[in-house]
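Me: I have a structure to go through with you. I'll paste it here and then ask about bits of it.

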Amino acid sequence: MSRTDTGNRISSRFTLIELLVVIAIIAILASMLLPALNKARAAAKAGSCVNNLKQIGMGGMFYAQDNHEYLFPQYAKGFGDHYFFRILSGHSPSDTPGKPSLASYGGLTWHGMDVAKGSFVCPGEALPLKIGAVQDEGYESTHYGVNLHLHAGVDSTWTGSYVRFKRLSSIHAPSRAISAGDNFRVSARYFNYISYIKFRHGSGDYRKIANADAYQGPGSGAAANLLYADGHVKPTGFFELRTVSKDPMSNTVNSAGAAISGQDADALTAGFRGNNGGLIP
């Protein structure tokens, strides 16, 4: 065996070792970068959600300007299943989803109960939109809900503040009045307690409906994007909402006519006079 052959074999061995070292370094770097990439992806989705809610807030202002300063309803009784996402996106009660016959407010779009695109879909929500969705497995129509204390319109058997259309003049502190945000329940397109808000951003919200019904919240790292009446959107945690003090100017009442108060509701009744406004016709 020549000295040259021996040198070539040694050189080939070193090349293989170097390749393995490079592969190992790449694997280590990838494992280090992956959490940062996931975090950046989640932040981008949360940012898109913020933009959606800001657009909904703008559309709501246009609606008020066109309707004698009345806030848009959560549900328009007497007009079929005419929810806020249909109204704001320009759908008449008889319009096919995704084919509105009216101009939308602020360019808002809605494409159907099971179509995951448009202004009323949150990119940060892993659960899909689907017709006949079961709680904890999906959503119908939208990932967002409105604050029922502020935006009236529910079942005809309900009374109290929930069935009073409110005007802009009902709001005395727009920066405190929560209008809409990330929703927890699959087919109830509203929240009337903070436990029914979905804190899907940050560390995520892994509760089941039983937890929400028991007024339980997610961990401290979870946040919900909430739209306020002045148009700003704020990522907010469950426990932050529970520390909001009761607004002494609020006169919101429930279906039995009793004042609504408590840690799970005070944040949702702040900033406006809930029992003002006209009854739903």
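Me: Does Asp136 count as buried, exposed or partly exposed?

Reply: Asp136 counts as partly exposed, because its relative accessibility is 23%. Here buried means under 20% relative accessible area, exposed means over 50%, and partly exposed is in between, with a 1.4 Å probe and protein chains only.

Me: What should I know about the model and the numbering?

Reply: The model is predicted: local features need pLDDT of at least 70, side-chain atom pairs count only at pLDDT 80 or more, and totals for chains, interfaces and linings use all residues. Residues are numbered from 1 along each chain as its sequence is written, and side-chain values use heavy atoms, with hydrogens and water left out.

Me: Back to Asp136. Where is it, and what is its phi?

Reply: Asp136 is in the loop between H2 and S1. Its phi is positive, about 75°, although Asp136 is not a glycine. Helices (H or I, at least four residues) and strands (E, at least two) are DSSP runs, numbered from the N terminus.

Me: And His68, where is that one?

Reply: His68 is in the loop between H1 and H2. His68 also has a positive phi, of about 55°, and is not a glycine. It counts as exposed because its relative accessibility is 64%.

Me: Overall layout, then. How many helices and strands?

Reply: There are five helices and eight strands. From the N terminus on, the order is α-α-β-β-β-β-β-α-β-β-α-α-β. Of the 281 residues, 44% are buried.

Me: What share of the contacts join residues at least 24 apart?

Reply: That share is 57%, among contacts between residues at least 6 apart in sequence. Contact means heavy atoms within 4.5 Å.

Me: Now S6. Which strands does S6 pair with?

Reply: S3 (residues 178–182) runs antiparallel to S6 and is joined to it by three bridges. Two strands pair if DSSP finds at least two bridges between them.

Me: What sits opposite what?

Reply: Gly181 stands opposite Leu226 in S6, and the bridge partner of Leu226 in S7 is Lys234. His201 has Ala223 in S6 as its bridge partner.

Me: What about the hairpin of S6 and S7?

Reply: Four residues lie between the strands there, and Gly231 takes a positive phi near 100°.

Me: How many residues of S6 are buried?

Reply: Seven of its seven residues are buried. Ala222, Ala224, Leu226 and Tyr228 point one way, while Ala223, Asn225 and Leu227 point the other way.

Me: Which residues lie nearest its centre?

Reply: Those are Gly124, Arg200, Gly204, Asp205 and Tyr206, out of 30 lining residues. H1 (3–66), S5 (201–202) and S6 (222–228) are the elements that give two or more residues to the lining. The largest share, seven residues, comes from H1.

Me: Now the largest nonpolar core. Which members touch the most others?

Reply: Leu53, Ile56, Leu88, Phe120 and Tyr144 do, in a core of 26 residues. H1 gives the most to this core, with five residues. A nonpolar core is a set of buried Ala, Val, Leu, Ile, Met, Phe, Trp, Tyr and Cys residues joined through side-chain atoms within 4.5 Å.

Me: Last one: Val121. Why does Val121 count as buried?

Reply: Val121 counts as buried because its relative accessibility is 11%. It is in the loop between H2 and S1. Leaving out residues up to four places away in sequence, Val121 touches Asn52, Val115, Ala116, Leu129, His143 and Tyr144.

Key:
1 Å grid on protein atoms, 1.4 Å probe; cavity = no way out; pocket = protein on both sides within 12 Å on 5 of 7 lines; lining within 4 Å.
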